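Subject: The structure for you to look at

Hi,

Here is the structure I promised to pass on. Please open it alongside this message, and my notes on it follow below.

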Amino acid sequence: VDTTSDRVFLRRRVKAGCWIFSSGQKFDSVFIVYSGSIKTLLIDEAGNEQILSFPLRGDLLGLDGLHARCHPSQAVALTDCELIVIPFCDLMKLTHEHLPIETWLYCAVSRALGHEHALTGVLSTLCSEARVARFLLLLSERFKKLGCSSTHFSLHMTRQEIGSYLGLSLETVSRALSALHEAQLIDISRRTVVLRNLE
């Protein structure tokens, strides 16, 4: 990837199911999602996954490793992905040399915080069906900003992963999706979702 300062950064292709970085790995680079879908997660001592986020194109990965200089979380490709790998020292130089890059970095961090705050609101105030509905609407908004359909899209994550993200069981997520379908709010076939009534 060429920049205005003539630096060139590596593009890394990652197959679905493969790790991008793992917990405890040394922090030295950040990643921009160029294409594909990813999950970030924590794994406890018993091997249970806690999903933290579902990054999409344009999102920034790995910055949570800055404080401890190692990654506290893990990132796995949900689909075949392409990432731009930027050594952190180079990113800092670029932010000092080019104001638009500094602004982009702040916006990327702000967007991630916004997603986190939205999830906190979902978990603290909504019932299970409303959590799943809000999750679909948040995805809809993100796809729309990427220039994709806001009403017809694929869920690259499993229902179990959605449940982990929303603090729900697999069975509860399945029941909630079925209830939304029966209420004629969505159509769902395997992982393809059509939102029939955004309001």
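Phe 54, Phe 135 and Tyr 165 are joined by ring pairs into a cluster. Please keep in mind as you look around that this is a predicted model. Two of those names come up again: Tyr 165 is one of the buried residues of helix H4, and Phe 135 returns in the nonpolar core below.

How many aromatic pairs does a search of the whole structure find? The search gives six. One of them is made by Phe 143 and Phe 153, with ring centres 5.0 Å apart and planes at 35°, so this pair counts as tilted. Phe 143 sits in helix H3 and Phe 153 in strand S9 (residues 152-154), so the pair links parts of the chain described as distant, 10 residues apart. Both partners are covered: Phe 143 is buried with a relative accessible area of 10%, and Phe 153 is buried as well, at 5%.

On to the core. The largest nonpolar core has 26 residues, and the members that touch the most others are Phe 135, Leu 136, Leu 155, Met 157 and Leu 166. Helix H3 (128-145), H4, H5 and strand S11 (192-195) are the elements that give two or more residues to this core. Which of them gives the most? That is H3, with five residues.

Helix H4 deserves a visit of its own. Is H4 mostly covered or mostly open? Six of its eight residues are buried, so mostly covered is the answer under a cut-off of 20% relative accessible area. The buried ones are Glu 161, Ile 162, Gly 163, Ser 164, Tyr 165 and Leu 166. Just after H4, Gly 167 takes a positive phi of about 75°.

Finally, look at how H4 meets its partner H5. The axes of H4 (residues 159-166) and H5 (residues 170-182) come within 8 Å and cross at roughly 100°. The two helices are therefore roughly perpendicular to each other. On the H4 side, the contact is made by Arg 159, Gln 160, Ile 162 and Gly 163; on the H5 side, by Leu 170, Val 173, Ser 174 and Leu 177. Sorted by kind, the residues of this contact are four nonpolar, three polar and one charged.

Happy browsing, and do write back with any questions.

Best wishes

Notes
Residues numbered from 1 in each chain as written. Predicted model: local features only at pLDDT ≥ 70, side-chain atom pairs only at ≥ 80, totals over all residues. Heavy atoms only, no water. Axes fitted to C-alpha atoms, helices over the stretch in contact; angles between N-to-C directions. Helix = DSSP H or I, 4+ residues; strand = E, 2+ residues; numbered from the N terminus. Parallel < 35°, antiparallel > 145°, perpendicular 65-115°, else oblique. Contact = heavy atoms within 4.5 Å. Nonpolar A, V, L, I, M, F, W, Y, C, P; charged D, E, K, R; others polar. Core = buried A, V, L, I, M, F, W, Y, C linked by side-chain atoms within 4.5 Å. Buried < 20%, exposed > 50% of the residue type's maximum accessible area, 1.4 Å probe, protein only. Phe/Tyr/Trp six-rings, centres within 6.5 Å; stacked < 30°, edge-to-face > 60°.
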